[in-house]
Amino acid sequence: MIEIKNLKKSFGELQVLSDINLTIGKGKIYGLVGRSGAGKSTLLRCINGLENYEEGSLIVDGIEVKSLNNEAAREFRREIGMIFQQFSLLSRMTVYENIALPMKCWKYSKKQIDKKVKELVELVGISDKLYAKPREISGGQKQRVAIARALSMNPKILLCDEATSSLDPQTAKSIISLINKINNELGITIVIVTHQMSVLRSACEEISILENGRIAEAGVVEEIFLRQPKALRNLIGVKDLTLPQKGINLRILLSKELSDKPVITRMARELETDFMILGGEMENYRNSVLGSVIINISEENLRDVTEYLNKHKVTWKFIDCTEIDDDNRKGGEHNIKRSFLDNVVEIL
């Protein structure tokens with residue numbers, strides 16, 4: 001559906017996108033994530049043709065975007081819906097009129113408009129607000145109006161630019177559920193720009209993490225959150241960890257196949273060994289549950305534990321120094337000997 005190769009975009013001498021390469025499959029929900037200024041929204045505007053790009057290729061549904069003239073670009077954007085952070089509703093118009101506006105601009109008949117608007121308010125759950133003005137409805141309802149308006153032209157692609165950032169967590173959750181529903185029922189390809197991890201986990205199937213105008217990491221959401229690559233840690237930060245002064249600390253990653261199994265207690269029984277559980281968490285993703293557990297083991301049990309985990313195809317890794325906050329490192333609470341670990345890695 002969307003294929004981007006070696007795309008570059010600059011504003012004057014400032015290069016905001018550099019060598020962007022990614023493919024978004026038809027019917028997928030794809031996330032573009034990164035800090036402010038990373039280039040997410042610019043890339044989104046390149047996809048719908050609102051921004052030009054100097055180099056590379058950006059093909060949407062078989063069409064090279066930069067090849068379009070004014071009239072062709074207008075027709076092209078007709079099939080791409082856009083949802084904004086601030087709703088962008090016209091305050092003087094009712095909900096009905098705001099949703100109908102794109103169809104009026106394209107000279108649809110009143111009968112077509114009426115039928116479509118009433119279908120859409122049912123889909124997004126605001127049929128009782130049809131003749132209300134934007135000032136009379138909540139933020140979540142305003143975003144539902146904006147979503148209905150974006151769907152009014154039967155788009156093939158829906159672009160969401162921080163669509164939940166201005167909403168409270170519970171309302172944002174309901175909007176993400178609506179986006180998932182739209183994707184499931186209508187099969188629309190959806191591209192979401194966000195910095196909210198809850199959005200990535202609840203909606204996106206694949207993501208790209210942008211850093212300084214480049215894709216630092218890309219792949220399936222569950223795999224990236226399990227691996228915890230540097231690009232993700234840079235984005236979400238790292239929780240403060242106070243670790244024991246003795247022993248080896250391991251993070252055990254529980255995939256969706258293992259998240260409902262007693263991996264840790266079973267290992268303790270079978271190996272007849274004790275260890276400390278230092279922390280853990282389980283999180284819901286779009287179609288699965290993933291988790292991680294941090295344990296502390298003695299050096300003499302390291303080989304048995306890691307062999308057991310490898311045998312049962314459980315992903316694990318040493319707690320890296322980069323995952324410990326500066327205060328803890330200075331305080332000496334992290335006591336993994338790097339030379340020892342280097343030797344262990346070679347052995348394993």
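These legends describe close-up views of a predicted model.

View A. Thr-94 sits in the loop that runs between strand S6 (80-83) and helix H3 (95-105). Its relative accessibility is 12%, so this residue counts as buried, the limit for that label being under 20%. Apart from neighbours within four places in sequence, Thr-94 is in contact with Leu-130, Tyr-131, Ala-132 and Lys-133.

**View B. The salt bridge of Glu-51 and Lys-9.** The structure holds 15 salt bridges, and the side chains of Glu-51 and Lys-9 form one of them, at 3.5 Å from N to O. Glu-51 belongs to the loop between helix H1 (40-47) and strand S4 (55-60), while Lys-9 belongs to strand S1 (residues 2-11), so the pair ties together parts that lie 42 residues apart in sequence.

**View C. The salt bridge of Arg-214 and Asp-19.** Side chains of opposite charge can pair when their charged atoms come close. Here the side chains of Arg-214 and Asp-19 meet in a salt bridge with an N to O distance of 3.8 Å. This pair links distant parts of the chain, with Arg-214 in strand S10 (residues 214-220) and Asp-19 in strand S2 (residues 14-24), 195 residues apart. Arg-214 has a relative accessible area of 45% and is therefore partly exposed. Asp-19 is also partly exposed, with a relative accessible area of 33%.

**View D. A network of salt bridges.** Which residues are linked in a network of salt bridges? They are Lys-8, Asp-19, Glu-55 and Arg-214. Two members of this network, Arg-214 and Asp-19, are the partners whose side chains meet at 3.8 Å, N to O.

**View E. The salt bridge of Lys-156 and Asp-61.** The side chains of Lys-156 and Asp-61 meet in a salt bridge, with 2.8 Å from N to O. Lys-156 is found in the loop between helix H5 (139-151) and strand S7 (157-161), and Asp-61 in the loop between S4 and strand S5 (63-64), so the pair ties together parts that are 95 residues apart in sequence. Lys-156 counts as partly exposed because its relative accessibility is 38%. Asp-61, at 39% relative accessibility, counts as partly exposed as well.

Note on methods: Residues numbered from 1 in each chain as written. Predicted model: local features only at pLDDT ≥ 70, side-chain atom pairs only at ≥ 80, totals over all residues. Heavy atoms only, no water. Helix = DSSP H or I, 4+ residues; strand = E, 2+ residues; numbered from the N terminus. Buried < 20%, exposed > 50% of the residue type's maximum accessible area, 1.4 Å probe, protein only. Contact = heavy atoms within 4.5 Å. Salt bridge = Lys/Arg side-chain N within 4 Å of Asp/Glu carboxyl O.
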